[in-house]
2 protein chains.
Amino acid sequence: MTTAFNPELDLILEREVDVSPAELWQAWTTPEHLKQWFCPQPWKTVECEIELKPGGRFYTVMQSPEGQQFPNTGCYLEIIPEQKLSWTNALQPGFRPADTPPQSPGHECAELLMTASITLQATAKGTLYTAHVLHPNAASKQRHEAMGFEAGWSAVLDQLLAAIKQSR
Amino acid sequence: MTTAFNPELDLILEREVDVSPAELWQAWTTPEHLKQWFCPQPWKTVECEIELKPGGRFYTVMQSPEGQQFPNTGCYLEIIPEQKLSWTNALQPGFRPADTPPQSPGHECAELLMTASITLQATAKGTLYTAHVLHPNAASKQRHEAMGFEAGWSAVLDQLLAAIKQSR
């Protein structure tokens with residue numbers, strides 16, 4: 001499912017990178033790889049579980065520099081190997097609607113609903129990497145933007161590229 | 001994705017029926033067919049749009065006997081022809097998280113989030129028909145039950161069977 005970019009509701013990060021779609025796919029779909037780069041440092045991803053099928057579980061635990069842990073559970077939606085990976089936190093594994101509390105306990109991200117997709121297109125240099133994040137409304141999009149989407153996802157992509165190159 | 005039945009959170013209607021999986025599939029995936037049976041009478045389904053792919057739009061407008069209209073937009077999740085159809089109203093088309101208002105305008109169902117799946121298994125008599133509805137929490141499940149899930153979905157299945165037999 002290709003979704004046209006809606007500047008009112010969506011955020012996008014697009015960059016041509018010098019690694020292959022296969023390397024990026026492996027980094028996104030293997031827990032041991034993903035844990036190396038998924039959080040902007042000095043935060044860490046201390047747990048990761050990936051059940052790579054539509055309806056499958058995508059579970060991560062992020063840890064702050066102070067040691068506080070923030071679990072996140074999402075559900076995979078679309079999986080096209082080496083081309084497209086989509087997931088959402090609006091559904092839990094098995095496609096069950098997420099039980100979002102009216103007040104967010106703990107972390108400010110806790111109830112920011114989103115669907116994310118990573119699209120990979122082979123190029124002469126390597127890969128055109130696109131991260132596309134859909135929000136339910138303009139306020140959510142603006143909140144995610146204010147939280148530092150651009151800098152955060154960009155830093156994470158730098159970490160991802162460094163991890164791939166180090167593992168070659 | 002097969003989800004085990006969780007009696008705390010889920011509702012299920014299972015019945016062996018004397019029509020084929022192919023007939024049931026057509027009734028569920030063709031707007032002109034679906035409009036004939038999708039609402040318990042005397043309510044009517046006055047509009048229906050079906051975009052039969054993961055992430056595709058499932059749109060219906062139900063009309064009360066007094067003429068008030070209630071539009072519903074959902075998103076298809078899993079489509080296995082003649083075997084399984086799943087959709088949710090927790091996502092909008094293109095997998096965007098639904099923008100659920102804190103207060104429900106109009107209809108009491110308006111913000112009851114659910115994921116539904118219809119599973120069809122061929123039997124000697126016809127089809128084992130299973131409707132499985134997942135809710136985010138026990139309160140939602142109980143509310144849906146109190147609204148008459150069992151009687152409503154059962155009446156709709158009777159209408160569905162009658163429509164199939166009439167169109168033969």
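Guide: Let's start at B:Trp87, which is buried because its relative accessible area is 11%; here buried means under 20% relative accessible area, exposed over 50%, and partly exposed in between, with a 1.4 Å probe and protein chains only. Before we go on, please note that this is a predicted model, in which local features need pLDDT of at least 70 and side-chain atom pairs count only at pLDDT 80 or more, while totals for chains, interfaces and linings use all residues. Residues are numbered from 1 along each chain as its sequence is written, chains are lettered from A and ligands numbered from 1 in the order in which they are written, and side-chain values use heavy atoms, leaving out hydrogens and water.

Now to the rings. A pair of aromatic rings is described by the distance of the centres and the angle of the planes. Rings of Phe, Tyr and Trp (for Trp, the six-membered ring) pair if their centres lie within 6.5 Å; planes under 30 degrees apart are stacked, over 60 edge-to-face, and the rest tilted. Over all chains, this rule gives 18 aromatic pairs. In one of them, B:Phe58 and B:Tyr76 have ring centres 5.1 Å apart and planes at 25°, so they are stacked. This pair joins distant parts of the chain, with B:Phe58 in strand β3 (residues 57-63) of chain B and B:Tyr76 in strand β4 (residues 69-80) of chain B, 18 residues apart. Helices (H or I, at least four residues) and strands (E, at least two) are DSSP runs, numbered from the N terminus.

How does this lead back to our starting residue? The rings of B:Phe58 and B:Trp87 have centres 5.4 Å apart and planes at 90°, so this pair is edge-to-face. Again distant parts of the chain are linked: B:Trp87 sits in strand β5 (residues 84-88) of chain B, 29 residues from B:Phe58. With a relative accessibility of 6%, B:Phe58 counts as buried, and B:Tyr76 is buried too. In chain A, one aromatic cluster is formed by A:Trp28, A:Trp37, A:Phe38, A:Phe58, A:Tyr76 and A:Trp87.

Next, look at where the two chains meet. There, 28 residues of chain A are in contact with 28 residues of chain B, contact meaning heavy atoms within 4.5 Å. The size of an interface is often given as the accessible area lost when the parts come together. Here the buried area (accessible area, 1.4 Å probe, that two parts lose on being put together, summed over both) is about 2,100 Å², and carbon and sulfur atoms give 65% of this.

The rule for salt bridges (a side-chain nitrogen of Lys or Arg within 4 Å of a carboxyl oxygen of Asp or Glu) finds 2 across this interface. A:Asp10 forms a salt bridge with B:Arg96, with 2.7 Å between the closest N and O atoms. On the side of chain A that touches chain B, β4 (69-80) and β7 (96-97) of chain A each supply at least two residues. That side has 13 nonpolar, 9 polar and 6 charged residues, where Ala, Val, Leu, Ile, Met, Phe, Trp, Tyr, Cys and Pro count as nonpolar, Asp, Glu, Lys and Arg as charged, and the others, Gly among them, as polar.

Over all chains, the search finds 18 of them. One joins A:Glu78 and A:Lys84, at 3.2 Å from N to O. A:Glu78 counts as buried at 10% relative accessibility, and A:Lys84 is buried at 12%. Another joins A:Glu145 and A:Lys141 at 3.4 Å; both residues lie in helix α3 (residues 138-146) of chain A, 4 residues apart, about one turn of the helix.

Back in chain B, B:Glu23 forms a salt bridge with B:Arg168, the closest N and O atoms being 2.8 Å apart. B:Glu23 lies in helix α1 (residues 21-29) of chain B and B:Arg168 in the segment after α4 (149-167) of chain B, so the pair ties together parts that are 145 residues apart in sequence. B:Glu23 counts as partly exposed at 23% relative accessibility, while B:Arg168 is exposed at 58%.
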